[in-house]
Amino acid sequence: MKVLHIPTQPFPDQRPGTSGLRKKVRVFQQTPYLHNFIQAICNALPGHEGQTLVLGGDGRYFNREAVQIILKMAAANGWGRVIVGRGGLFSTPAVSTVIRARHAFGGIILSASHNPGGPEHDFGVKYNIGNGGPAPESVTEAIWAASKVLSAYQILDAADIDIDHEGETPLGAMTVEVSNPVSEYAALMERLFDFNALARLLQGPFRMRFDALHAITGPYAHEIFEKRLGAPMGTVVNGTPLPDFGGGHPDPNLVYAKALADELFSADAPDFGAASDGDGDRNMILGKGFFVTPSDSLAVLAAQATCIPAYGGGLQGIARSMPTSQAADVVAKALGIPCFETPTGWKFFGNLLDAGRITLCGEESFGTGSNHIREKDGLWAVLAWLSIIAHHGQGVAEIVRAHWARYGRHYYTRHDYEELSAEVGAQMMHALAAQLPILAGQTLAGRTVDSADDFAYTDPVDGSQSLHQGLRLRFSDGSRLIFRLSGTGTEGATLRIYHEHYEADPARQQQDPQRPLRDLIALGRGLTRMEALTGRKAPTVIT
Ligand code: G16
């Protein structure tokens, strides 16, 4: 089989964002857009020759075509073996699991996460390094640099490979190994959790609903909850991955997982509800008539971790992204362990996990995980919550309310303004950044501004610096107001405004968060001049 060297021109927009390169499907479909990016990945990875790559995606539209292109390019670029999930499928946590278990050099994940799929929607490509985690900025910047100087890409002149049957096939000098996408991951979950205790819970009167939103976690959830733990059939709904996710947004929040939320807030609600996203790394946790914010979820998991066999020895430390509420900090302080504040993006947890400085980490964007892999992990979070429920014999609401009574409640809400024009988004952030130096010391919305800055992070392990990671106002009563532009959108700019207020008094902990946060919400809109600049009277999504 011949290696073809096809001349190409660089594309100017192949800089990976918060989590890989995300674009409209029609952009990736234009040959050689995907080819260029894959070639840039290979060129930016010295030493990959002869090594193993893990490959798979969340099954969204264009997944299968992309897998075939990447296999032929991997063979032409000297990779030794590609482990591809059967059908081209792998959840993000499963890719991380397999990279680590098989000591692979890295992995390529095909997903745009929670963004919708289908010919009119989004596709994405993400490279993960040998620890199983998202490539750090040094690698993503090298990929971007390589993409800007490409003059050719290499591809094997070969027929498509059968990716629907497990087994090994040679492709040029490379081996393609089609593997079961679920088994390695399910075995890892069985090692971390007490499956006997979980089976007793799920086979008893306790009722659970898991909504896979027609995305990748369906096969994993059927296997783990229904097959291995014996939960009644029908516990998992929307469990068949579809290329367009059934026309929905595979985003586990109260807006996009509405059917699940409605069920959990209905008169005959199950005891527990959960959902995951397109590629299986996010999670939403619900109890009977109760929603757990992701920030609280991290704090509760940290406080209760010793109920879970794998964490019985205690935690080394916790990390959260900067906009995530400070609920986990309070738990870390009580446990006498460090709590790190990182920029948004799972890649920033990698060094801390590798160095053994943290055991758990999480983000407000519905991501929680631990040192078991190097990605956030939706089903892991669900199993962790079920373990705590089984241990205490209490429901979700009781567990969270007891947590608030002990540690205080961090009222929290994020307001997203999606699809602003890129210019307006940049202008808002610029104008706000210019005001920061004069805000400290002022009284705004009845609170005194303690500090106002543009968040910069120095990685405590390797000393690398990341600048401009979000604008934050910290108030003397512990409240915070934070502004960031999303790094995962594919249409214009998305401005995220994060609001947080601490309430220690249990008598005042049962309100709808929008109420105690209303003055901060008005302040955020005022400081950005949202209505004047965009005419927007309300956010697109509130979480
Ligand atoms: C990705 C990252 C997360 C980040 C989220 C939102 O998640 O892995 O670390 O919090 O995007 O990022 P942004 O606020 O920049 O849109 P996922 O699930 O989309 O891969």
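Visitor: Is His 214 buried, partly exposed or exposed?
Guide: His 214 is partly exposed, with a relative accessible area of 22%. Buried means under 20% relative accessible area, exposed means over 50%, and partly exposed is in between, with a 1.4 Å probe and protein chains only. This is a predicted model, in which local features need pLDDT of at least 70 and side-chain atom pairs count only at pLDDT 80 or more, while totals for chains, interfaces and linings use all residues. Residues are numbered from 1 along each chain as its sequence is written, and side-chain values use heavy atoms, with hydrogens and water left out.

Visitor: Where is the place of His 214?
Guide: His 214 is in the loop between strand 10 (208-211) and helix 8 (217-228). Helices (H or I, at least four residues) and strands (E, at least two) are DSSP runs, numbered from the N terminus. Phi of His 214 is near 60°, a positive value in a residue other than glycine.

Visitor: And what is phi of Ala 445 near?
Guide: Phi of Ala 445 is near 50°, also positive in a residue other than glycine. Ala 445 belongs to the loop between strand 20 (443-444) and strand 21 (447-454). With a relative accessible area of 31%, Ala 445 is partly exposed.

Visitor: Which residues does a cis peptide bond join?
Guide: Thr 31 and Pro 32, with omega about 10°. Pro 32 sits in the loop between helix 1 (25-29) and helix 2.

Visitor: How many residues of helix 2 are buried?
Guide: In helix 2 (residues 33-43), 10 of the 11 residues are buried. Among them are Tyr 33, His 35, Phe 37 and Cys 42.

Visitor: Switching to the ligand. Which residues around it come nearest?
Guide: Glu 363, Ser 486, Gly 487, Thr 488 and Arg 496, of the 19 residues around the ligand. A residue is counted as near if one of its heavy atoms lies within 4 Å of the molecule.

Visitor: What is the distance from a polar side-chain atom of His 114 to an oxygen atom of the ligand?
Guide: For His 114 it is 3.1 Å. A side-chain N or O atom of Ser 365 is 2.7 Å from a ligand oxygen, and for Ser 19 the figure is 3.3 Å.

Visitor: Which cavity is the space taken by the ligand?
Guide: The ligand takes up the space of the largest cavity. On a 1 Å grid over the protein atoms alone, a cavity is a set of points where a 1.4 Å probe fits but cannot get out. A molecule sits in a cavity if more than half of its atoms lie within 2 Å of the cavity's grid points.

Visitor: Now Ser 276. Where is it found?
Guide: Ser 276 is in strand 12 (residues 272-276). Ser 276 is buried, with a relative accessible area of 0%. A polar atom of the Ser 276 side chain lies 2.7 Å from the backbone oxygen of Arg 282.

Visitor: What is Ser 276 in contact with, leaving aside neighbours within four places in sequence?
Guide: The partners of Ser 276 include Phe 210, Asp 211, Pro 250, Arg 282 and Gly 378. Contact means heavy atoms within 4.5 Å.

Visitor: Last one: is Ile 163 buried or exposed?
Guide: Ile 163 is buried, at a relative accessible area of 1%. Ile 163 lies in the loop between strand 7 (152-156) and strand 8 (167-171). Beyond four places in sequence, Ile 163 has contacts that include Arg 64, Leu 71, Gly 88 and Val 178.

Methods. Polar contact = N/O pair within 3.5 Å; in protein donor to acceptor, adjacent residues only side chain to side chain. 1 Å grid on protein atoms, 1.4 Å probe; cavity = no way out; pocket = protein on both sides within 12 Å on 5 of 7 lines; lining within 4 Å.
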